[in-house]
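Here are my notes on helix packing and salt bridges. Please read them beside the model.

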Amino acid sequence: MLHTKAPQLEEMIGEALQKAHHLGEPLFISIVEHIDDQDPYQFFEAGLDIDQHRSFWQSAENDLTMVGVGKASQLYAKSRQRFREVQSLWGELQEKAFVHDNYNQKGTGMVALGGFSFDPEKQEKTPWDNFSDSQMTIPAFLLTKVDGQSYLTINAMIFPEDHYQQIITQIKDHKHRLLHQGEWTHSLPFIDQLYEMVPEAWKRSVKQATEDIKAGLMEKVVLAREVRLTFKGDAHITSVLKALAQTQPNSYIFCYESEGSHFIGATPERLAKLDDRELVSTCLAGTIPRGLSEEEDQKLGEELLNDPKNRQEHQFVVEMIKEAVEACSRKVEVPDGPVLYPLRNLQHLYTPVKAVLDEGYTLLDVIAKLHPTPALGGLPQNVAVDYIRTHETLNRGWYAGPIGWFDAQDNGEFAVAIRSALIQKDEASLFAGCGVVEDSDPEAEYEETAVKLKPMMSVLGGSEWDM
């Protein structure tokens, strides 16, 4: 990767075009500008008229927001070693890139946003036909809001046969439209119909799983269920995103658009974050609702902290994450016990794991070791995933998979895609799961998934619907 001085866009494209002609192969360019403050939702909305590939990411700490429009390049993996293959493709792209970034802010320049499916060996693709098993996008335009400042990254793949003036005109036109978007109307969807997908059969599957666990087949398995909605008209995605951000603090707000389908959600669960070799992973397992009063809230929290089933489930995750992190890191720190992590509708058991990543490893190497954690798959990992593949009727797609971003400095962050929905025009599929152990009660697990569905239901017009 070659870092250039501070050229104008025209100069940079001209030089790249000359080199592409000389080498006979395409070159990637990336240029970062410091711009006036921009509203990320207006930027996302403006991108609708430019390209049906948009990305939205807001960190749980609300200290970083990135909005991508278009695709300058995409990274797909075809092998079983999908994380390693994506990392290799990323390295190849960087080798042929010309980057101008004077600001050195995280989330600017060459940044890839996207995700991975839960299980790449799942044969059924519906309703996830528009999402590949691994799909990381380097946006053509990336708005980054960090440290109170706004930055615009322009990325482009320059081909030898490209026409100089045509490239310049198109980039300037799209940039103007993105940065000068007018007001948009905020309107949340109205549900026409709601379908719970085979709830009684799902409860029977939980019962069967407890029997299989007692028989020694596995220690734990996470089973998910699906709720489908139809709306009175197409859902307005920007409005849903903004409502999620307003109602779900302490969560990662995300949306990935692919060919007009949108995977969107507000997840509290970090998988791993890497910042200057400092690695943080999160154990978030064990769930109970919030109380209606401070006294009830505290009582429920104490109940969760002292509940054997939830503590056991949480400890499974802690031990697995600790083992995975120790395999590629040093100075690993794990607290003696969990604390409560409160959200608007729920509270969870929470244990952070901190370490320093060893040289030679990348964030994607860590994700490969962690996914899926016992909180999303089960234990033993391979047995649980095989069990899910065989017994779960729904296709998880990207639900419960790793989603996030990484940059050219090997920094980045991935979360687990829970509390989410796949929205396709006037239809949506919502997903929620629960950890099943030998003493799990099917009705209690069903009620737990109903609570987990509430954050997405509330912004999709479902607050009046009982499940």
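1. A salt bridge here means a side-chain nitrogen of Lys or Arg within 4 Å of a carboxyl oxygen of Asp or Glu. Asp-386 and Arg-389 form one, with their closest N and O atoms 2.7 Å apart. Keep in mind that this is a predicted model.

2. Asp-386 and Arg-389 both lie in helix α10 (residues 381-391), three residues apart, so about one helical turn separates them. Asp-386 is partly exposed at 38% relative accessible area. Arg-389 is also partly exposed, at 25%.

3. The pair belongs to a wider set. A network of salt bridges links Arg-80, Asp-119, Glu-121, Asp-386 and Arg-389. The structure holds 27 salt bridges.

4. Asp-173 is partly exposed at 35%, and Arg-177 is partly exposed at 32%.

5. Glu-226 and Arg-228 make a further salt bridge, with a closest N to O distance of 2.8 Å. Is Glu-226 buried or exposed? Glu-226 is buried, with 5% relative accessibility. Arg-228 is partly exposed at 36%.

6. Now the helix pair. The axes of α1 (residues 9-23) and α4 (residues 164-179) come within 10 Å and cross at roughly 140 degrees. The two helices are therefore oblique to each other. Their crossing is right-handed. On α1 the contact uses Leu-9, Glu-10, Ile-13, Gly-14 and Leu-17; on α4 it uses Tyr-164, Ile-167, Ile-168, Ile-171 and Lys-172. By class, that makes seven nonpolar, one polar and two charged residues.

How values were computed:
Residues are numbered from 1 along each chain as its sequence is written. This is a predicted model: local features need pLDDT of at least 70, side-chain atom pairs count only at pLDDT 80 or more; totals for chains, interfaces and linings use all residues. Side-chain values use heavy atoms; hydrogens and water are left out. Axes are lines fitted to C-alpha atoms, for helices over the stretch in contact, and angles run from 0 to 180 degrees between N-to-C directions. Helices (H or I, at least four residues) and strands (E, at least two) are DSSP runs, numbered from the N terminus. Angles under 35 degrees count as roughly parallel, over 145 as roughly antiparallel, 65 to 115 as roughly perpendicular and the rest as oblique. A crossing is left-handed if the near helix is turned anticlockwise from the far one by less than a right angle, and right-handed if clockwise. Contact means heavy atoms within 4.5 Å. Ala, Val, Leu, Ile, Met, Phe, Trp, Tyr, Cys and Pro count as nonpolar, Asp, Glu, Lys and Arg as charged, and the others, Gly among them, as polar. Buried means under 20% relative accessible area, exposed over 50%, partly exposed in between (1.4 Å probe, protein chains only).
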